[in-house]
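User: Hi, can we go through a protein model together? I'd like to start with the overall picture.

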Amino acid sequence: MNYLFVHQNFPGQYQHIVQHLASQPGNRVVFISHESPVQIPGVERVVYQPFRTAKPTTHHYIRELELAVVYGQSVHEVCRRLKAEGFRPDIMIGHNGWGETLYMKDVWPDVPLLAYFEFFYHLHGADIGFDPTVPVTENDGPRVRTKNVINTLGFDAADWGQTPTGWQWSLYPDYMRSRISVIHEGVDTTVVTPAPDAWLRLPSGLTLTRKDEVITYVARNLEPYRGFHVFMRALPGILKRRPKAHVLIVGGDEVSYGQVSGDGRSYRDLLMAEVGHGIDRERVHFLGKVPYSSFLSVLRVSSAHVYLTYPFVLSWSFLEAMATGCLLIGSSTIPVEEVLRDRQNGLLVDFFDGAALTDRIDEVFEHPDRMQTLRDRARRTVVENYDLRTVTLPRHLALIDDLIAGRTPAERTLK
């Protein structure tokens with residue numbers, strides 16, 4: 001089979017599936033993306049360069065749409081070139097969010113297109129208006145409605161859709177949900193495992209193990225969407241309550257979601273200016289962005305792992321933390337509650353309640369075995385519902401096979 005993937009950030013959500021397909025004899029896997037140093041054996045990379053960015057004079061409601069059209073047109077040109085070279089995919093698969101899949105069917109009208117639908121934006125009931133420190137403005141309604149144009153155009157172009165969680169699926173209108181399957185990218189639980197003898201050496205030279213009191217927090221970037229402000233404001237109280245604890249914070253200083261701070265400083269700088277006087281710098285370790293192996297070591301030595309999020313897309317790190325047997329303390333927001341059950345496979349706290357977060361962390365350390373039963377159940381949750389090899393990859397491959405064969409996929413949701 002010939003497979004054609006597109007995602008600006010190679011390999012994005014498709015790492016596991018392209019590795020599998022490229023390893024199968026006779027398959028040809030071509031991947032269109034921006035430039036990236038990442039390489040996957042057997043995957044042919046084709047780089048596209050957007051011919052321009054959105055113009056600053058474009059109305060702010062439609063700047064993202066303009067850029068999506070530019071991306072879509074750039075991918076369209078690459079597809080035309082591939083077709084002229086004699087390449088014809090059996091299926092096309094790509095992320096809808098940046099417009100890259102918009103015009104692929106105009107090159108190969110008879111080839112099925114499976115698009116990734118990550119988030120349908122709402123003025124109420126999701127991320128917008130959730131945090132009272134970021135008030136809703138009169139512009140937000142029209143802006144969000146316009147923002148969904150990319151979702152709508154992308155859906156019209158696709159034969160079928162995929163989204164990773166039931167809650168994300170529920171955000172889409174009825175007519176879209178009927179053609180979107182819920183299949184998570186999955187976690188390789190043979191790699192992402194607990195390790196009772198794990199250790200982590202910090203840049204300072206300090207070595208931490210599972211015997212130490214280690215509190216962990218992980219996000220792609222340290223920002224309000226992932227509750228960084230709540231965690232930091234609770235930190236002085238946490239450190240006072242746990243005088244032997246070390247805190248490991250993983251994440252960059254950019255902004256992945258939401259708005260940059262008012263004065264342009266990173267949220268880490270802002271929060272340290274606000275609460276840094278109450279933080280012991282010898283026990284709080286900002287690790288920045290770390291290699292994947294180091295990330296797993298952080299999780300494996302964790303005694304209590306904090307995961308807070310707005311009602312938004314669920315982080316991969318959340319499920320990976322559960323798979324390593326972390327004791328999860330998660331926010332009682334919809335995406336987390338889809339997976340985490342309070343006192344069954346982790347602990348839940350109100351997103352904004354720093355005092356409750358402190359109490360839950362303290363409770364973990366006061367427990368005789370740091371709640372090992374909940375840790376075991378957390379891993380079991382991932383193994384039973386999100387394991388790459390036994391659950392998600394087979395369902396993903398079945399969906400692809402159905403589309404190639406011209407069948408209507410029978411399974412739309414992953415329970």
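Analyst: Here is a short walk from the overall fold to the core. One note before we start: this is a predicted model.

User: How many helices and strands are there?
Analyst: The protein has 14 helices and 15 strands.

User: What are its spans along the principal axes?
Analyst: The C-alpha trace spans about 65 × 50 × 40 Å. The radius of gyration is 22 Å, and a compact globule with 415 residues would have one near 22 Å, so the two agree.

User: What share of the residues is buried?
Analyst: Of the 415 residues, 55% count as buried.

User: Which residues have the most contacts inside the largest nonpolar core?
Analyst: They are Leu 4, Ile 32, Phe 231, Leu 235 and Ile 249. That core has 71 residues. Helix H7, residues 228–241, gives the largest share of it, with 8 residues.

User: New topic. What does the surface look like in numbers?
Analyst: The protein exposes about 18300 Å². Carbon and sulfur atoms supply 50% of that.

User: And how far apart are the mean positions of the charges?
Analyst: They are 2 Å apart, for 44 positive and 48 negative charges.

Notes
Residues numbered from 1 in each chain as written. Predicted model: local features only at pLDDT ≥ 70, side-chain atom pairs only at ≥ 80, totals over all residues. Heavy atoms only, no water. Core = buried A, V, L, I, M, F, W, Y, C linked by side-chain atoms within 4.5 Å. Buried < 20%, exposed > 50% of the residue type's maximum accessible area, 1.4 Å probe, protein only. Helix = DSSP H or I, 4+ residues; strand = E, 2+ residues; numbered from the N terminus. Rg over C-alpha atoms; globule rule 2.2 N^0.38 Å. Areas by Shrake-Rupley, 256 points an atom, 1.4 Å probe, with all protein chains shown as cover. Lys, Arg positive; Asp, Glu negative; His and termini not counted. Charge placed at Lys NZ, Arg CZ, Asp CG, Glu CD.
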